[in-house]
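The entries below record what I looked up, topic by topic.

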Amino acid sequence: MRTLFLTVTLLVTALASKSQDIVKLYPDDTMKDSIVYKNGTSILVINRVDVVNYMKGMDTVLQKTCYSDNRAFHNVQFSHLTAQEIESHFTSALAFLGDSTHTNLEYSTDKFVQFWTEGENILLPYIEDMLSSLLTDGRIKVIDKSTQKSVPQYTIFWEDIAGQPFKIFKLPSGKIIFRESNHYIEQFAGSGAAR
């Protein structure tokens with residue numbers, strides 16, 4: 001019985017250690033015009049260059065599909081759009097980002113933002129769409145709101161929802177930075193294809 005208990009304990013420990021990854025952050029001195037995304041626990045500082053590169057890559061993908069593939073985005077807000085709506089929204093967002101007068105952009109989850117909002121909020125769905133990949137790659141400066149200090153690392157945990165794996169990014173304190181399933185919910189709600 002003791003051997004069985006020890007075996008089960010080792011198995012659970014091994015599985016738990018595989019269900020998380022630690023992302024170590026290194027200082028990025030190249031951030032000149034950054035974009036700030038605030039939520040209840042964290043302040044995320046995103047390099048504007050990463051947003052520009054994401055938008056350029058999406059522009060290529062969307063043009064190849066004539067804006068007809070709303071599955072190019074993970075964010076639930078795009079799942080119901082027609083090709084014309086995607087083209088209109090995306091080209092407006094791309095033009096806004098390309099305008100050199102739009103600097104010091106700051107977003108907060110404390111405010112409700114409608115999808116078709118003009119101005120700086122037009123970029124929000126795209127930023128939320130790319131947050132997971134930037135966090136996975138450690139390309140975001142993460143500040144813990146409770147201490148107002150930059151964290152040197154954070155942890156990625158995995159949750160399974162309807163057979164689909166989703167990431168949960170957590171501060172060293174255990175507070176959630178970003179939960180993929182909150183933004184990619186169409187994957188398990190049945191309104192979009194799994195990616």
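What follows are my entries on confidence, the core, ring pairs, charged pairs and backbone angles.

**Ground rules**

I am reading a predicted model, in which local features need pLDDT of at least 70, side-chain atom pairs count only at pLDDT 80 or more, and totals for chains, interfaces and linings use all residues. Residues are numbered from 1 along each chain as its sequence is written, and side-chain values use heavy atoms, with hydrogens and water left out.

**Confidence**

I began with pLDDT, the predictor's confidence in each residue, from 0 to 100. The chain has a mean pLDDT of 82, and 82% of its residues reach 70 or more. I then went through the elements, taking helices (H or I, at least four residues) and strands (E, at least two) as DSSP runs numbered from the N terminus. I count a contact when heavy atoms lie within 4.5 Å. Residues 186-195 also stay under 50, but there the model has 26 contacts beyond four places in sequence. Where pLDDT is low, the predicted coordinates should not be read in detail.

**The core**

Next I looked up the nonpolar core, a set of buried Ala, Val, Leu, Ile, Met, Phe, Trp, Tyr and Cys residues joined through side-chain atoms within 4.5 Å. For burial I used relative accessible area: buried is under 20%, exposed over 50%, and partly exposed in between (1.4 Å probe, protein chains only). The largest core has 43 residues, of which Ile46, Met55, Phe73, Leu123, Val142 and Ile177 touch the most other members. The elements that give two or more residues to this core are β2, β3 (42-47), α2 (48-64), α3 (83-98), α4 (124-137), β5 (140-144), β7 and β9. Which element gives the most to this core? I noted α4, with 7 residues.

Ile46 is in strand β3 and counts as buried at 0% relative accessibility. The C-alpha atoms of Ile46 and Ile35 are 5.0 Å apart, although the two residues are 11 residues apart along the chain. Ile177 touches several residues beyond four places in sequence, among them Leu44, Leu135, Val142, Tyr154 and Phe169.

**Rings**

I counted rings of Phe, Tyr and Trp (its six-membered ring) as paired if their centres lie within 6.5 Å; planes under 30 degrees apart are stacked, over 60 edge-to-face, and the rest tilted. The structure holds 6 aromatic pairs. Tyr154 and Phe169 form an edge-to-face pair, 6.4 Å centre to centre with 70 degrees between the planes. This pair links strand β7, which holds Tyr154, to strand β8 (residues 164-170), which holds Phe169, 15 residues apart. Both Tyr154 and Phe169 are buried. Phe169 also pairs with Phe178, and here the rings are tilted: 6.4 Å centre to centre, 35 degrees between the planes. Elsewhere I found Phe73, Phe78, Phe90 and Tyr126 linked into a cluster by ring pairs.

**Charged pairs**

I took a salt bridge as a side-chain nitrogen of Lys or Arg within 4 Å of a carboxyl oxygen of Asp or Glu. The structure holds 4 of them. In one, Glu106 meets Lys38, with the closest N and O atoms 3.0 Å apart. Glu106 lies in strand β4 (residues 106-108) and Lys38 in strand β2 (residues 34-38), so the pair ties together parts that are 68 residues apart in sequence. Another joins Arg71 and Asp69 at 3.4 Å, N to O. A further one joins Glu159 and Arg179, with the closest N and O atoms 3.2 Å apart. Glu159 is in strand β7 (residues 153-161) and Arg179 in strand β9 (residues 176-179), 20 residues apart. Glu159 is buried at 17% relative accessible area, whereas Arg179 is partly exposed at 26%.

**Backbone angles**

Most residues other than glycine have a negative phi. Asn104 has a positive phi near 50 degrees; this residue sits in the loop between α3 and β4. Ala162 has a positive phi of about 55 degrees and lies in the loop between β7 and β8. Asn104 is exposed at 65% relative accessibility, and Ala162 is exposed with a relative accessible area of 65%.
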